[in-house]
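Me: I would like to learn how to read a protein model, one feature at a time. Can you take me through one?

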Amino acid sequence: MAWAPNNTKFAVCTVDRVVLLYDEQGERRDKFSTKPLDAKYGKQSYVVNDMVFSPDSTKIAIGQSDNIIFVYRIGEDWGDKKAICNKFVQTSSVTRLLWPAEHAIVYGLVDGKVRLANTQTNKSSTIYGTESCVVSLASNQCKVLKKRVVSGKGILSGHADGTVVRYFFDDEGSGESQGKLLMHPCPPYAVAWGANSIVVGGCDKKVVAYGREGHILQTFDYSRDRTEREFTVAATSPSGQSVVFGSYDRLRVFNWAPRRGVWDEAKPKEILNLYTITSLAWKKDGSRLCAGTLCGGVELFDCCLRRAIYKNKFEMTYVGLSQVIVRNLSTGTRVVLKSYYGYEIEEVKIMGKDRFLVAHTSDTLLLGDLLTNKLSEVPWPGSGGNEKFFFENESVCMIFNAGELSLVEYSNNEILGSVRTEFMNPHLISVRLNERKQRGVEDNKKLAYLIDIKTIAIVDLAEGYNLGTISHDSKIDWLELNETGRKLLFRDKKLRVRMKPQHAPGGY
């Protein structure tokens, strides 16, 4: 089973080798049949071992036991023609698949090799080889190391001899080692790479959490529980804060407790006659978890800590401590608000004529534009919640706190600039961010504000220096930069309007 990254399609491949496509509500909308390596062997000569969507959600890769990977183009809309666009013939059966980057499919083979298929060049290459069958693959889909966000550029492979190997295409400054990471007591069929550790389960009825360099952090031992059986599959939530393990008639859920640095086990989900869970797929926005069973059943679970209706206009769904889905009830559009540093999101507010999102965590501030879907998370140590937000400018949020003005550009995860001022009226502040293309100017970001009631300062936000100041003889009550930031218009209390070009004698 696999969820599309854009959350609109859910694919299930059954034992009869047919891929069924469902929408978000679980309604079947489309299907297509897979093919054998060679038609002469017949349609029942193989089984589908794994399946994964492309990052753009328009293709599906199918890993088969008859030594081949087929990539099907399924299109963007329901009913689009299905066509095979890539074939990768192998020397042994394909067991597991990942598709972490645009043209790169990572897969494991029965002979122990982990390989890379390039859909652009239609060529395969071996990343590393072992002597033991690949039984699981996982990627570091979202985690934070040393205050840096890393995502999708590391893989874990579990092998039948108990070995777990880690490989990075780019360690993104984490400093973590590569190669053989740990030796699990049994084949690690269920491997989950969480935000802060690696969690492994298998046929010994134990779930073990390992640290970043393979040392044991925690062990959950169910070997004396006669109702428990082997762990067959695992899935990590998109935030990395939760992992789920499937066994027989049961799902076990573990949640990361950031303050204590340990995994807590939630109450298990037990369903009589569910039988062995063979597949798990977590929707990319975190709101749904699907479990496939040995008997052909697919169970869809709602993953929600709590829900709230805001202003009778928006639905807030807290799918994890650090992730909230905000849905506009009238239009149905959704935004996934997520702390990439794993901090717990406190109350979410919608401000600025119901267009802009504001949420605090213990150490950061999350801002977003619902119209453009541009989201930001900037460092913001506890301020007591006394900030004042202004949304008059569509490109940047202006935040006043304790005599300081901070600017945050939507979709940028660093504070654009901060200045000291006591004047909080947005008519006394003007920000221009790349509003008109200029020859020879890559990044044009300018700010004009009042130092005092008679003095204007102009700052280059891109370069971080002061362009100049203007002293006036009367109190200034309005100012505005032009689109290029090269001219400034301001008005004083006597209703006199002045214009200062940048290239006037002495600058502004």
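Predicted model: local features only at pLDDT ≥ 70, side-chain atom pairs only at ≥ 80, totals over all residues.

Me: What share of the residues counts as buried?
Reply: First the cut-offs: buried is under 20% relative accessible area, exposed is over 50%, and partly exposed is in between (1.4 Å probe, protein chains only). Of the 508 residues, 52% count as buried.

Me: What do contacts tell me about the chain?
Reply: A contact means heavy atoms within 4.5 Å. Take the contacts between residues at least 6 apart in sequence: 39% of them join residues at least 24 apart.

Me: Back to Asp354. What is its phi?
Reply: The general idea comes first. Most residues other than glycine have a negative phi. Asp354 has a positive phi of about 60°, although it is not a glycine. Asp354 is partly exposed, with a relative accessible area of 21%.

Me: Where is Asn312?
Reply: Asn312 sits in the loop between β31 and β32. Asn312 also has a positive phi of about 60° and is not a glycine. With a relative accessible area of 72%, Asn312 is exposed.

Me: Which residue forms a salt bridge with Asp354?
Reply: A salt bridge is a side-chain nitrogen of Lys or Arg within 4 Å of a carboxyl oxygen of Asp or Glu. Asp354 pairs with Lys311, and their closest N and O atoms are 3.2 Å apart. The pair links distant parts of the chain, 43 residues apart: Asp354 is in the loop between β35 (348–351) and β36 (356–360), Lys311 in the loop between β31 (306–310) and β32 (314–320). Lys311 counts as partly exposed, at 45% relative accessibility.

Me: How many salt bridges does a search of the whole structure find?
Reply: The search finds 29. One of them joins the side chains of Glu24 and Arg334, at 2.6 Å from N to O. Glu24 lies in the loop between β3 (18–22) and β4 (28–33) and Arg334 in strand β34 (residues 334–338), so the pair ties together parts that are 310 residues apart in sequence. Glu24 is partly exposed at 21%, and Arg334 is partly exposed at 32%.

Me: Are Lys82 and Asp30 buried or exposed?
Reply: Both Lys82 and Asp30 are buried. They form a salt bridge, with the closest N and O atoms 2.6 Å apart. Lys82 lies in the loop between β7 and β8 and Asp30 in strand β4, so this pair ties together parts 52 residues apart in sequence.

Me: Which residues form the negative surface patch?
Reply: Patches are made of residues with over 30% relative accessible area and no salt bridge; like charges are joined within 9 Å, nonpolar side chains (Val, Leu, Ile, Met, Phe, Trp, Tyr) within 5 Å. Asp and Glu count as negative, Lys and Arg as positive; His and the chain ends are not counted. A charge is placed at NZ of Lys, CZ of Arg, CG of Asp or CD of Glu. Here the negative patch is formed by Asp56, Glu76, Asp77 and Glu102. Asp77 is in the loop between β7 (68–73) and β8 (83–89).

Me: Which residues form a nonpolar patch?
Reply: Leu489, Val497 and Met499 do, with about 270 Å² of accessible area together. Val497 belongs to strand β49 (residues 497–501) and counts as exposed at 52%.

Conventions. Residues numbered from 1 in each chain as written. Heavy atoms only, no water. Areas by Shrake-Rupley, 256 points an atom, 1.4 Å probe, with all protein chains shown as cover. Helix = DSSP H or I, 4+ residues; strand = E, 2+ residues; numbered from the N terminus.
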